[in-house]
Amino acid sequence: FIPSRDFLPRGSGIVTRRPLILQLIFSKTEYAEFLHCKSKKFTDFDEVRQEIEAETDRVTGTNKGISPVPINLRVYSPHVLNLTLIDLPGITKVPVGDQPQDIEFQIRDMILQFISRESSLILAVTPANMDLANSDALKMAKEVDPQGLRTIGVITKLDLMDEGTDARDVLENKLLPLRRGYIGVVNRSQKDIDGKKDIRAALAAERKFFLSHPAYRHMAERMGTPHLQRVLNQQLTNHIRETLPSLRSKLQSQLLSLEKEVEEYKNFRPDDPARKTKALLQMVQQFGVDFEKRIEGSGDQVDTLELSGGARINRIFHERFPFELVKMEFDEKDLRREISYAIKNIHGVRQTGLFTPDLAFEAIVKKQVVKLKEPCLKCVDLVIQELINTVRQCTTKLGSYPRLREETERIVTTHIREREGKTKDQVSSQPFPGAAPAGIPSFPNPR
């Protein structure tokens with residue numbers, strides 16, 4: 001984007017290993033400066049490239065490691081239009097050197113972090129000798145910009161296509177249409193770079209290529225790096241103008257919110273007892289809200305790794321308790337003998353009747369239902385333990401106040417233990433008149 005200046009690292013493999021935020025600023029003099037060494041002005045652009053490489057290695061190491069921490073570079077020049085570009089690492093599939101095994105996902109997350117912003121335009125670069133339908137750049141752009149409102153397609157390596165083929169349909173926006181269209185460019189080859197081919201000469205060769213190629217000569221004025229620079233400047237300016245009202249509204253809303261917060265702190269006195277009491281009440285109330293959310297399951301943050309709080313209590317009732325009931329064993333032969341004795345003892349000397357006496361039925365059933373007592377008490381123990389664990393999880397926000405945290409846990413846990421005793425008394429005093437489920441609703445609310 002700067003005629004006769006070459007300062008971005010080029011080479012084989014993954015060269016861009018950190019995002020580079022490049023600000024082009026129109027100025028009468030030409031120099032560059034980095035945010036990490038702002039006091040130094042670079043006039044030799046070979047030194048700029050060396051500094052980019054050195055700063056990359058300083059954070060990522062020298063063995064192909066990557067980092068999402070950006071390098072900020074400003075270039076002042078009379079040959080540029082005001083423009084901010086972010087050069088991102090290319091999408092790689094297979095890790096090399098010191099790169100982690102999930103290198104593809106790390107780079108993908110890094111790219112999404114920048115292109116997801118509504119205020120930015122996406123420059124989706126795809127080589128012409130590759131099937132456009134397989135373009136990773138266009139695929140990711142479509143994920144965050146499905147309507148193609150912020151995406152500009154750039155087609156490179158047009159000079160490397162097989163003889164007899166061309167990218168005319170793509171550049172005319174017929175194959176995979178984008179709202180902002182496609183622009184073709186022809187960059188220097190690695191051989192040209194190694195041979196120090198002048199950028200002005202490369203631009204002239206690019207211009208000649210489009211003017212002389214039969215598939216592109218009719219659109220030559222809309223192709224090439226200079227045209228891409230003008231389009232980016234114009235479209236970015238228009239895009240900023242379009243998004244500015246919503247951005248301004250958002251900033252005004254944030255400003256009003258901050259001003260309101262500042263107003264509250266104008267008369268703030270740290271040693272005011274009323275302020276301390278209010279802060280204490282707010283923390284205790286927040287603890288209550290967090291505890292209720294964990295039990296009710298309406299929390300703001302959802303744990304995707306394990307069950308906790310109300311979900312574990314629900315599992316105790318619907319999975320663990322039935323399992324304990326199923327584990328209970330009884331001898332059917334003994335049971336039949338007991339039933340026979342009960343019936344006979346009820347009738348005494350009288351002849352056994354056709355129907356089973358109610359007293360015999362009740363005596364046998366009560367004896368069996370009493371066996372439900374132990375699983376019920378065990379269920380109470382499990383629920384109590386989960387409530388105590390939930391209390392400890394909810395007091396983590398009070399970590400800055402150890403005494404308050406300790407006292408909160410003590411008070412709430414003591415209350416839970418008191419309710420545990422009453423719950424077990426109620427469970428133990430149940431007559432268990434029917435089947436097992438009849439005992440479950442009698443439990444007090446865990447809260």
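Student: Is the crossing of helix 2 and helix 3 right-handed or left-handed?

Tutor: Please keep in mind that this is a predicted model. A crossing is called right-handed if the near helix is turned clockwise from the far one by less than a right angle, and the crossing of helix 2 with helix 3 is right-handed.

Student: At what angle do helix 2 and helix 3 pack?

Tutor: Helix 2, residues 103-115, and helix 3, residues 136-144, pack at about 50°, and their axes lie 10 Å apart. Helix 2 is therefore oblique to helix 3.

Student: Which residues of helix 2 and helix 3 meet?

Tutor: From helix 2 come R108, I111, L112 and I115, which meet M140, E143 and V144 of helix 3. By kind, the residues of this contact comprise 5 nonpolar and 2 charged, with no polar ones.

Student: Which residues have the most contacts inside the largest nonpolar core?

Tutor: A nonpolar core is a set of buried residues joined through side-chain atoms within 4.5 Å. Here the largest has 26 residues, and F34, V48, L73 and V75 have the most contacts inside it. Among the elements that give two or more residues to this core are strand 1 (20-26), helix 1 (45-60) and strand 4 (71-77), while helix 7 gives the most, with 4 residues.

Student: What is F34 in contact with, leaving aside its neighbours within four places in sequence?

Tutor: F34 is then in contact with F42, V48, E51, I52, I71, N72 and L73. Apart from the core described above lies another, of 20 residues, including A124, A128, L158 and V186.

Key. Residues numbered from 1 in each chain as written. Predicted model: local features only at pLDDT ≥ 70, side-chain atom pairs only at ≥ 80, totals over all residues. Heavy atoms only, no water. Axes fitted to C-alpha atoms, helices over the stretch in contact; angles between N-to-C directions. Parallel < 35°, antiparallel > 145°, perpendicular 65-115°, else oblique. Contact = heavy atoms within 4.5 Å. Nonpolar A, V, L, I, M, F, W, Y, C, P; charged D, E, K, R; others polar. Buried < 20%, exposed > 50% of the residue type's maximum accessible area, 1.4 Å probe, protein only.
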